[in-house]
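Thanks for sending this one over. Here are a few notes to read alongside the model.

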Amino acid sequence: MSVDASILKTLQTGNEQEVCLVLEAFTTKNAQTFSFPELTLDVKQKCVEAILDLLRVQGAAKCHILCLETLRLFSREKEKLAGMISEVALNLMMKMAGLQHYSEEEGECVTIQNGDPDVMVEAQKCLCNLIFNNVQVQRVCSKNGCVEGIIQRLKTYKDPDLKFEIKFFDMRMLFLLTALCAETRPLIRYELHGFTYLMEVVDLILRDADARQSGLTEQEVDLCCEILKILFNITVPIDKNALDEEEEAHFMRLVSVLRDLLMSRTQSKDRQEELQSHTVNLLTNIPRDCYEELLIPLNEIDVGGMENKDVEFDGKNMEAVIVLLDFLYNRLDVPMKSLKESLAPILHCLCETCRANRAIRKFCRSKVLPPLKDEVKKLPEDGDTLRNRLCKLLTSPITDVKDLAADFLFVLCKESVNRMVKYTGYGNSAGLLANRGLLLGGKSGGDYSSNSDDSDTEEYSQLRDMVNPVTGRWEEDKPDPFEGMSEEQKEFEAMKLVNMMHKLQCQGIIQPSRVDESGRPQPVEHVLELMENMTNPSGATGDQEDLD
């Protein structure tokens, strides 16, 4: 059903019943329509003006809902929004949404009391579409009291009579504004104290779920996810190294709430991963000193039926860290095309938490890089353990994922080159070592405790001398391929190899390099230069493993 002259006339001059009939037919027909190419800008603008006039007069809630539903359909188009994006139209929709706002000219509060919930929700949906699709609307709504109105209503979320959809679309609007209008972030965080209010709403949801002794409902998960996205946006620009005591306290409180979220359960398993994903994203914005709040003394928490030995480490409850490691393991199953989006946040999160907290690092190491035994007979990347699967990523074509996986393993190895080579093989770790200038061995500049005594297992000690440092795998003695050759034959085979390498270099397939004094690869013009000042590429051997 298209908008023709008769429909437009009905909107302009018809009574309420006639208008409702026309709009009901239009919205039903176009419920899944996202563009109206047959609708000219002039006709659409006249329709919008007529609908706005209808919204300004007192009428039945049904009529207002149909008017707003029609505007919502029109607002799906990025083009032809004229008539809906003026300040007058936006302020009217804000009033219909029940949002308190502040008039800059008159300095007075304006609000709608006891608005119909369904009308309010439809108005919120219109505003969401318009904010998403139009820069002018983003600018207006960031300054016309819309943000203040949402924060004001946020304080009333304890009210059981406040409809869930109103809360949800409030948060959806706030997310869009914080994502698209950078100036709203400090406004919400500092002036309106939204950081605190948002945290407390999540905490309230968790306490309600605990009181029911059930998992989070679908609606509660939806609301929590929207709030987590807002908190992510408003904490992105924070200088983590320049926090005052109050800000640090807020982040400490936030991490404790996020810990509770990680350990919470949803009524639907499908939503558990989504909630954890948004929690992990937000954890990447946290200052390092605050990660301690992920851990609490074991006797202060019910471990939910898990044995103490499964979650206890150094007298701390590690359940939240276990959730993060399980989340990483599950994310390793995602298809290659979405590997970066799926793995980058959790790998970054674990890198930061392990760098910041010794207990977390030691616990993660015990789970990811346990002492080697006879599994050293296989390549580090062969198998299904976390170590195996992370080693596979070290040669991933996706650079960001490869670098983050290497960084995580390197941190667990206390940034020791020999320890990294032991667990991953020199070939897998060469990229990280080259980037850091560590191809000649040594340690990076991380702040870690001193080495402890050797902690190699008996099985590994028996196999260690025959482990190939390049592959990281135990290999049986093999006959010398040069045995029985004369010196002339050996020289012939060597030059044959040099010529093949030179050919590959000329074709641009490889670039031979040698390690310079800084520990980084330095390209050579000819492969014969590799014969000069040869060094052992794997660095020192016989690393003394420690318990940290």
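Predicted model: local features only at pLDDT ≥ 70, side-chain atom pairs only at ≥ 80, totals over all residues.

1. Residues are numbered from 1 along each chain as its sequence is written, and side-chain values use heavy atoms, with hydrogens and water left out.

2. The largest nonpolar core has 161 residues. Such a core is a set of buried Ala, Val, Leu, Ile, Met, Phe, Trp, Tyr and Cys residues joined through side-chain atoms within 4.5 Å, where buried means under 20% relative accessible area with a 1.4 Å probe, protein chains only. Helix 9 (residues 164-180) gives the largest share, 10 residues; helices are DSSP runs of H or I, at least four residues.

3. Met171, Leu328 and Phe408 have the most contacts inside this core. Leaving aside residues up to four places away in sequence, Leu328 touches Leu343, Ile346, Leu347, Leu350, Leu386, Leu390 and Phe408 (contact: heavy atoms within 4.5 Å).

4. Leu204 sits in helix 11 (residues 194-212) and counts as buried because its relative accessibility is 15%. Beyond residues up to four places away in sequence, Leu204 touches Tyr157 and Lys158. Lys158 is 46 residues from Leu204 in sequence, yet their C-alpha atoms are 7.8 Å apart.

5. Do look at the open sheet of 3 strands, order 3-5-4, with antiparallel pairing (strands: DSSP runs of E, at least two residues; pairing: at least two DSSP bridges). Strand 3 (296-297) and strand 4 (312-313) are at the edges with a single partner strand each, so one side of each has no neighbour in the sheet. Strand 3 pairs with strand 5 (residues 316-317) over 2 bridges, and Ile296 has Asn317 as its bridge partner in strand 5.

Conventions: Buried < 20%, exposed > 50% of the residue type's maximum accessible area, 1.4 Å probe, protein only.
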